[in-house]
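Open the structure in your viewer and keep the selection tool at hand. Each stop below tells you what to pick and what you will find there.

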Amino acid sequence: MLYYIETFGCQMNAHDSEIMAGLLEQAGHMAAGCLAEAQIVIFNTCAVRESSENKIIGHIGNLKHHKEANPDSILVIAGCMTQQNGMAEKLLQKFPFLDIILGTYALDKLPRYIEEICQKRKKLVDNIENYTVSSCALPSKRLDKNRAYVTIMHGCNNFCTYCIVPYVRGRERSRNPEDIRQEMISLAQDGCKEIMLLGQNVNSYGKDLSKKTNFASLLRSVHDIEGIQRIRYMTSHPRDFNDELLQTILELPKVCRCFHLPVQAGCDKILKKMNRGYTTAEYKKLIAAVRELFPEASITTDLMVGFPGETDEDFAETLQFVKDCAFDAAYTFIYSKRSGTPAAKDPEQISAAVKKKRILELMEVQNPISLNYNKAMIGREELVLVEGPSHAREDILTGHTDNYKIVNFPGDKSLVGQFVPVKIMSAKTWHLTGQIANKDAE
Ligand code: SAH
Ligand code: SF4
Ligand code: F3S
């Protein structure tokens, strides 16, 4: 059968979609060119904010036409939304044309469920919490052969009070270091040059394993793999980013000089209510240490406005903190109430109008800072791993620098997958533009 997967949400989901594609192809199915021609349609969903959920629900509604035109098609809703309390029932009631609800623990059962539906035409729901999934790599069909995701751990134990992730992805489970290394070796043998190690909190890696290990040791143990030239990771929690890890990264040149350290708020009262486990002073100390050890590194963050109880004064503290920290870039979010999380029950919810006003103010403070950093890169020569033609134009290539800035530059598609030296010519808030510095690039 022809399958089509639409992915919402973070890198975890992007990689889960690669795994579902890999499993389906192993079972003999093939990728469809577009949704309209697909016999198996999978939506891999995200529940992190209400806006993401509403968008997905709208898309699911549109699947009705697909089912009417293709009554034998199999419609699957997978991913984080399916693990929310009562959501599977709600979806099936609202959209009776759906066939399978596949939770985040049940990916490996997808091919079997497809077969069952073909034979019995009975709805299937599997969203039970199941921690027995093996640590071995499941087959994946990688979207990008040169840059690959490798999951190092599943779940999250942090329970930040706003966040749904621990409820939909379960407790932390680290994969064995040997399995991770093996997966990376086989990716390198297939020509992969850059690895993104994935986990909700990568620096908790190993805490649940019987063998004593941690994220720093994992980085050391995979650093020598021939062919892998860059190692990235996502996401690291500021609370657990210790000196050992900083020193380890310093010794390991393949680990990219880009520190994404989501701070969420720049006000101690709010950080405490969020259960983030660090203060603004501790956070500032951490980024000062990063800047001292890695003067060339970029530091980026996530920020949230309108967390329950955030007063104008609290928000003003966050604005000042953002000015003080001078991040290379910040991903900004409006707090969204997620049912089942402690913050959702907080009586001090902030109005939509105030949240909107605050996010605009925050971006107004951050954007010029980001632009300044990017402008400072003008004239520099940066090594860019070419990812592909840009979305807008075939003759413009796109890729990232070591410190994770996006660079667009004119060049031929044949360079995709190669490291190319690019001279930075101009800068915008979210990307750089450049020119190939040396056409004899490796
Ligand atoms: N594990 C990662 C992030 C996961 S979610 C970490 O801890 O950094 C990615 C980002 O979404 C978070 O950093 C946070 O800024 C935002 N986010 C999470 N829950 C949210 C909510 N309920 N409302 C708005 N933004 C949220
Ligand atoms: Fe959510 Fe916090 Fe876990 Fe990140 S660390 S996934 S924000 S609970
Ligand atoms: Fe969304 Fe799930 Fe990722 S809720 S952000 S897809 S872990």
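**Stop 1: ligand 3.** The shell around ligand 3 holds five nonpolar residues, three polar ones and one charged one. Here Ala, Val, Leu, Ile, Met, Phe, Trp, Tyr, Cys and Pro count as nonpolar, Asp, Glu, Lys and Arg as charged, and the others, Gly among them, as polar. Select Gly9, Cys10, Asn13, Cys46, Ala47, Val48, Cys80, Arg169 and Gln200 to show this shell. A residue belongs to it if one of its heavy atoms lies within 4 Å of the ligand.

**Before you go on.** This is a predicted model, where local features need pLDDT of at least 70, side-chain atom pairs count only at pLDDT 80 or more, and totals for chains, interfaces and linings use all residues. Residues are numbered from 1 along each chain as its sequence is written, chains are lettered from A and ligands numbered from 1 in the order in which they are written, and side-chain values use heavy atoms, leaving out hydrogens and water.

**Stop 2: the sheet.** Select strands E7, E10 and E11. They form an open sheet in the order E7-E10-E11, with parallel pairing. E7 (147-151) and E11 (230-234) are the edge strands, each with a single partner, so one side of each has no neighbour in the sheet. From one strand to the next, the twist averages 25°. Strands (E, at least two residues) and helices (H or I, at least four) are DSSP runs, numbered from the N terminus. Two strands pair if DSSP finds at least two bridges between them. E7 and E10 (residues 194-198) share five bridges. Zoom in on threonine 151, which stands opposite leucine 198 in E10.

**Stop 3: histidine 15.** Stay in H1 and pick histidine 15. Is histidine 15 buried or exposed? Its relative accessibility is 2%, so histidine 15 counts as buried. Buried means under 20% relative accessible area, exposed over 50%, and partly exposed in between (1.4 Å probe, protein chains only). Beyond four places in sequence, histidine 15 touches Ser140, Arg142, Tyr149, Thr151, Glu183 and Leu198. Contact means heavy atoms within 4.5 Å.

**Stop 4: proline 139.** Move to the loop between strand E6 (124-126) and E7, where proline 139 sits. At 28% relative accessibility, proline 139 is partly exposed. Leaving aside neighbours within four places in sequence, proline 139 contacts Glu18, Ile19, Gly22, Leu23 and Gln26.

Key: Axes are lines fitted to C-alpha atoms, for helices over the stretch in contact, and angles run from 0 to 180 degrees between N-to-C directions.
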